[in-house]
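Take a look at the fold first, and then we can go through the details together.

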Amino acid sequence: MLRPKLGVFALLAVLVADSTALAQGDEAVTYVLQDGSYYMTECQCCIFGVFGPVVGSFVLVREEGSPGGKVTYRVEDVDLVVDDAFSGDPRYTGTGVYRQRMQGLKNHEMELFLGRDGACCLEYESGIVGLNTELPALEIDLRFDWSWRSCKAYSDLRIVAEAGTPPPRFRRGDADGNGTLDLTDPIFLLLWLFVGGDEPGCLDAADSNRDGHHDLSDAVHLLLYLFHGGSAPLGPGPERCGYAPRSSPLGCGLPPAC
Ligand SMILES: [Ca+2]
Ligand SMILES: [Ca+2]
């Protein structure tokens with residue numbers, strides 16, 4: 001497993017861009033993670049770990065009247081998925097705070113309160129780090145220290161983000177796009193594949209076994225999951241709408257109800 005010196009990353013917070021592109025007043029601006037974002041866990045005596053690119057989005061909402069030359073943003077709707085099938089493509093959701101100091105010594109900091117797969121809550125912090133350029137692409141490294149038995153352990157989250165439109169969210173396996181997984185989904189798939197039925201609006205969602213194409217095995221996979229205790233569709237899973245952990249050539253032209 002790749003194990004870079006994480007202490008270095010904690011010092012590498014850089015904010016690039018034009019401050020006018022960030023949220024003003026109560027305006028909410030969606031930020032989308034870009035290439036270079038990743039998530040990693042490390043543990044001095046553990047045999048497990050997670051390392052992978054991370055995708056997703058969050059929303060910045062500027063708060064008025066921030067004291068001390070700081071500009072404070074609420075970080076809302078954090079929704080991140082790590083591309084790490086070994087540990088089940090873990091998903092992190094939550095909220096946080098982001099602060100900039102634009103006068104005197106320029107610096108910034110971010111705190112995120114994240115839950116993994118619906119659990120609550122891990123506190124990731126960047127600490128106060130130098131802000132050596134202007135806005136709006138956001139690059140910042142956050143860290144969460146924890147322990148496992150007598151081992152020191154930590155998780156690092158590197159966020160590289162720009163304002164933009166997030167990728168579509170869906171539930172994998174929701175072939176008919178009605179927002180839930182049930183018997184109608186394998187039926188929809190079978191009708192499409194073999195009887196000339198309607199094509200799924202979100203082809204990636206219809207690839208229930210995430211092998212990159214559609215065939216009978218997708219319908220069988222869904223039936224086994226729904227009625228025979230089979231494995232759940234991989235990220236984004238069937239429970240909540242979310243992002244696919246990696247881009248798919250299938251695409252999702254018409255995101256389903258979420
Ligand atoms: Ca459905
Ligand atoms: Ca498939």
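Two strands count as paired here if DSSP finds at least two bridges between them. Helices (H or I, at least four residues) and strands (E, at least two) are DSSP runs, numbered from the N terminus. This is a predicted model, in which local features need pLDDT of at least 70 and side-chain atom pairs count only at pLDDT 80 or more, while totals for chains, interfaces and linings use all residues. Residues are numbered from 1 along each chain as its sequence is written, and chains are lettered from A and ligands numbered from 1 in the order in which they are written.

**Confidence.** The predictor's confidence in each residue, pLDDT, runs from 0 to 100. Its mean over the chain is 84, with 86% of residues at 70 or more. Helix H2 has the highest confidence, at 98, and strand S1 (residues 14-17) the lowest, at a mean of 35. Residues 1-21 have a pLDDT below 50, and this stretch makes 47 contacts in the model beyond near neighbours in sequence; a contact means that C-beta atoms, placed from the backbone, lie within 7 Å.

**Strands.** Strand S6 pairs with both S5 and S7, as the table shows.

| Strand pair | Sense | Bridges | A bridge pair |
|---|---|---|---|
| S5 (residues 70-82) and S6 (residues 91-101) | antiparallel | 10 | Arg 74 and Val 97 |
| S6 and S7 (residues 107-116) | antiparallel | 10 | Gly 96 and Leu 112 |

Five residues lie between the strands in the hairpin of S6 and S7, where Gly 104 takes a positive phi near 65 degrees. Asp 77 is not a glycine, yet has a positive phi of about 55 degrees; this residue is found in strand S5.

**Cis peptides.** Cys 120 and Cys 121 are joined by a cis peptide bond with omega about -25 degrees, and Cys 121 sits in the loop between S7 and strand S8 (122-125). Another cis bond runs from Gly 235 to Pro 236, with omega near -10 degrees, and Pro 236 belongs to the segment after H4.

**Helices.** How do H2 (residues 184-195) and H4 (residues 216-227) cross? Their axes come within 9 Å, at roughly 165 degrees; axes are lines fitted to C-alpha atoms over the stretch in contact, and angles run from 0 to 180 degrees between N-to-C directions. H2 and H4 are therefore roughly antiparallel, the term for angles over 145 degrees. Among the residues that meet are Leu 189 and Leu 193 in H2, and Leu 222 and Leu 223 in H4.

Terms used
Parallel < 35°, antiparallel > 145°, perpendicular 65-115°, else oblique. Contact = placed C-beta atoms within 7 Å.
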